[in-house]
Structures are given as C-alpha cells and as structure tokens.
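Here is a short briefing to read alongside the model. Take a look at the structure first, then follow the topics below.

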Amino acid sequence: MLYLFMCAELSDNIKKLYVDDTDVNPVEYSFKFKCTKCGEDAEKINNFNLHEKHEIQGGKGEATFIMKCKFCESDNTVLANTFEPCLFAQQEEHSDNDKRKKYGLNGNKIDINNYAAIMQLDSRGWAINDFLYTALPFKVELNSGKIMDCQFEDDGSWYDYDDESSEEVYITDFKYKIEKGK
Ligand SMILES: [Zn+2]
C-alpha cells in the first residue's frame, strides 16, 4: 500500500486542515503517474475521486482509477480511500498510533509524525511521481469553530483574514510525501 501524507505550518488560530471532499461535491485529485512495470511516465495528468469505484475487467474487483499503460499496455489500477482525513495542529489528534502501527506507518523509520496520511492507495502498476495540490479545494477550521476556504499557491502557502477575530490566518510550507506501508 502507498500512503499520501500531507503536512503544513498552520497559524496558531487554526485547528485543522482538510480537503473539501464530500459525497455531494466529490473532489478530483490530480496525479502524475509512472508505470512500475516498464518505468515510463504517464503522458498526462490523471484525476480520480474517492467516491466512484469502477469494475476491473476479468472479475478482479473494483478500483478507483483504471488506465492502461501506453508503453507496455499493462492494465494498471489504483484503489484509493481516505485514511486520516484531517491535518490537526495537534499531531496526536490526526494520527492514531495503533492504527499507524497496524499499517506499518510507525514514525521511527520515516519522518511522518507531523504529517497526516490523508489517502491510502492500493496501487497495482502506478507509482506516483507528483501530487498536484494547488487546484484542490481545502477547508480550514479555526479554533473559534469558523470554517474558511483555502487553496494553496505554488509555493505551498495560503493567506487570509478572519474578520470576526481581526486576525490573519495563514498556512505555509505545505508539503506532501508518498510512503509505503502495509
Ligand atoms: Zn508500462
């Protein structure tokens, strides 16, 4: 299994950050893939959402994303699901240690303690070269309970102003990483 982790520096008035992804308004996640069978990069950016599953031909179950590699013609698939939906300012709130241990995501090997594993990807043939997060709609929940819309700039930052508290709200240094787990 692959896991998509996200991490960011949140201003003190932010409680949590999450992708604005619901059954009613499913979000399209954009990736650049590489075929693990022949090593070639997929030509285009590819999108999928977590709410639609497609039947894999030949009775091999379901996948979120199915695409044949143009180079080696392998039928590659990805089954993706939400894992830890939110990045909290307080790490213990987004990462359940027992759950992480079960899926082989203990922070000892890799620096993931400050990251939330937002997606689990059972990828058969597609490795992820790049996750394009700047078009993705996020929500920010403040400590006051107020929720704001957020979209990141190319440098992984977002700046806004909360009229109610007359305070700046900002996120810097948004980062993602892909790690292997169970
Ligand atoms: Zn290939």
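Two strands are said to pair if DSSP finds at least two bridges between them; strands are DSSP runs of E with at least two residues, and helices are runs of H or I with at least four, numbered from the N terminus. Please keep in mind that this is a predicted model, where local features need pLDDT of at least 70, side-chain atom pairs count only at pLDDT 80 or more, and totals for chains, interfaces and linings use all residues. Residues are numbered from 1 along each chain as its sequence is written, and side-chain values use heavy atoms, with hydrogens and water left out.

**Strands**
- Strand β7 (residues 65–68) pairs with strand β8 (residues 75–82) in the antiparallel sense, over 4 bridges.
- Ile66 has Thr77 in β8 as its bridge partner.
- The hairpin of β7 and β8 has 6 residues between the strands, and Glu73 there takes a positive phi near 65 degrees.
- β8 also runs antiparallel to strand β10 (residues 116–124), joined by 5 bridges.
- Val78 stands opposite Ser123 in β10.

**Zinc site**
- Cys35, Cys38, Cys69 and Cys72 each give an SG atom as donor to the zinc ion, 2.3 Å from it.
- Donors here are N, O and S atoms within 2.8 Å of the metal (3.2 Å for Na, K and Ca); water is not among the atoms, so sites may look incomplete.
- Along the chain, the donors follow the spacing C-x2-C-x30-C-x2-C.

- Cys72 is partly exposed, at a relative accessible area of 30%.

Key. Buried < 20%, exposed > 50% of the residue type's maximum accessible area, 1.4 Å probe, protein only.
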